[in-house]
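Here are my notes on this one, point by point. Have the coordinates open while you read.

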Amino acid sequence: MPGRLIVALETSCDDTCAAVITGAGEIRSNVISSQGIHDRYGGVVPEIASRHHLELIGDVVAQALARAGTELERVDLVAVTAGPGLVGALLVGVATAKALAAAHELPLAAVDHLHGHVAAAFLGPEPFEPPFLSLIASGGHTLLAKVTGHGPRFELIGQTLDDAAGEAFDKGARLLGLGYPGGAALERLARDGDRAAFGFPRAAGVPGLDFSFAGLKTALLYRVRELGEAEAERRRADLAASYQHAIVEALAVRAERALAATGLERLAIGGGVAANGPLRARLAELGAELDVPPPALCTDNAAMIASAARYVPVLAYPGYLGLDVYATGERAPAA
Ligand code: KG4
Ligand code: ZN
């Protein structure tokens, strides 16, 4: 039903998000409240994230409905991220979604967060339709998926064996004295640097389509130590540019391999790291038709969850009251 209204909630990590879209994929509102509080700890503190979701979620949902010019009475479906993510954080979204849906006896759709990232490409005004290769790179995940339909059962063909690409950016940024999360700041610092100044590992030893970033941050740590404090400080921009280049190459080389292996000619990118300028530029050189959603749809948001909800089985009231969350593993929640 293209005209139906879907309200979605996303609370899997530290962003409290709600959005309203139409069944046709038109975004009516997309509210993201970033908690900001975690930067002082250098990472997300799960318990603090849950407490903040609890404080923010009511207002965020109200804002999403108001900006969309609608109210819950006129909504047709409630959607929510059921996993993977931080369990306490997910529980706030799922409990809220159940309450909102049950109050109006609305149906509910349980959405997988990674399906959401992939489904960001299906949103209007110019939906990117399957088949395509999806590269998702964020603080929590790094994966390549062969997407041949709209549903959650896309084929995972590559993933990180250790750190996520965003995590590599954040850890590198921290070593270079930048705040958390540090991807965007590292990109800015790198603009004044020489990307060929230092050679950093690109996980060349990891065959196939999987990623590995853990060795990279260790290499940066050793390089900083080797240079000594004063010299490392003087060459911060070169270090940032070379480090960023290693991450970009690791992602681009595997995306290129995946395009060749699958025969796909179209590539959609998502996740916070997709905001990175040099990565976008490098992927544009691969020759595939490239879909780069606007940054607000690359980082965690609820519009992508609403988008995915259009392609998962819907749970009727009151069947979803026992719905549980999952931290890892299972990709498509059972209907
Ligand atoms: O998708 P996202 O908002 O949340 C997660 O699901 O993790 O991604 C956040 C990640 C952080 O690691 C952040 O440093 C990284 O995306 N990031 C960037 C840039 N903007 C955000 N990394 C590189 N360059 C950027 N411009
Ligand atoms: Zn995410």
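**Notes on the model**

1. Starting with charge pairs: the structure holds 11 salt bridges, counting a side-chain nitrogen of Lys or Arg within 4 Å of a carboxyl oxygen of Asp or Glu. One of them joins the side chains of lysine 217 and aspartate 163, at 3.1 Å from N to O. Lysine 217 sits in helix H6 (residues 214-227) and aspartate 163 in the loop between strand E8 (155-159) and H4, so this pair ties together parts 54 residues apart in sequence. Helices (H or I, at least four residues) and strands (E, at least two) are DSSP runs, numbered from the N terminus.

2. Ground rules before going further. This is a predicted model, so local features need pLDDT of at least 70 and side-chain atom pairs count only at pLDDT 80 or more, while totals for chains, interfaces and linings use all residues. Residues are numbered from 1 along each chain as its sequence is written, chains are lettered from A and ligands numbered from 1 in the order in which they are written, and side-chain values use heavy atoms, with hydrogens and water left out.

3. On to the domains. The assignment, which comes from an automatic or database source, gives domain 1 as 5-121 + 300-309 and domain 2 as 130-297. Their centres, taken over C-alpha atoms, are 27 Å apart. Domain 1 puts 18 residues into the contact and domain 2 puts in 17, with contact meaning heavy atoms within 4.5 Å.

4. What does the interface look like in area terms? Domain 1 and domain 2 bury about 1,400 Å² between them, 69% of it on carbon and sulfur atoms; that is the accessible area (1.4 Å probe) the two parts lose on being put together, summed over both. His115, His117 and Val118 supply 36% of what domain 1 buries against domain 2, more than any other three residues.

5. Which elements give two or more residues to the domain 1 side that touches domain 2? They are strand E3 (27-34), helix H3 (113-119) and helix H11 (303-309). H3 has the largest share, five residues.

6. Now the metal. The zinc ion (ligand 2) is coordinated by His113 (NE2), His117 (NE2), His141 (NE2) and Asp300 (OD), at 2.1 to 2.8 Å. Donors here are N, O and S atoms within 2.8 Å of the metal (3.2 Å for Na, K and Ca); water is not among the atoms, so sites may look incomplete. The donor spacing in sequence is H-x3-H-x23-H-x158-D. Histidine 113 in helix H3 and aspartate 300, in the loop between helix H10 (295-298) and H11, are 187 residues apart.

7. Backbone items to check. The peptide bond from glycine 83 to proline 84 is cis, with omega near -10°, and proline 84 lies in the loop between strand E4 (77-83) and helix H2 (87-103). The bond from tyrosine 180 to proline 181 is also cis, with omega near -10°. Glutamate 105 has phi near 50°, a positive value in a residue other than glycine.
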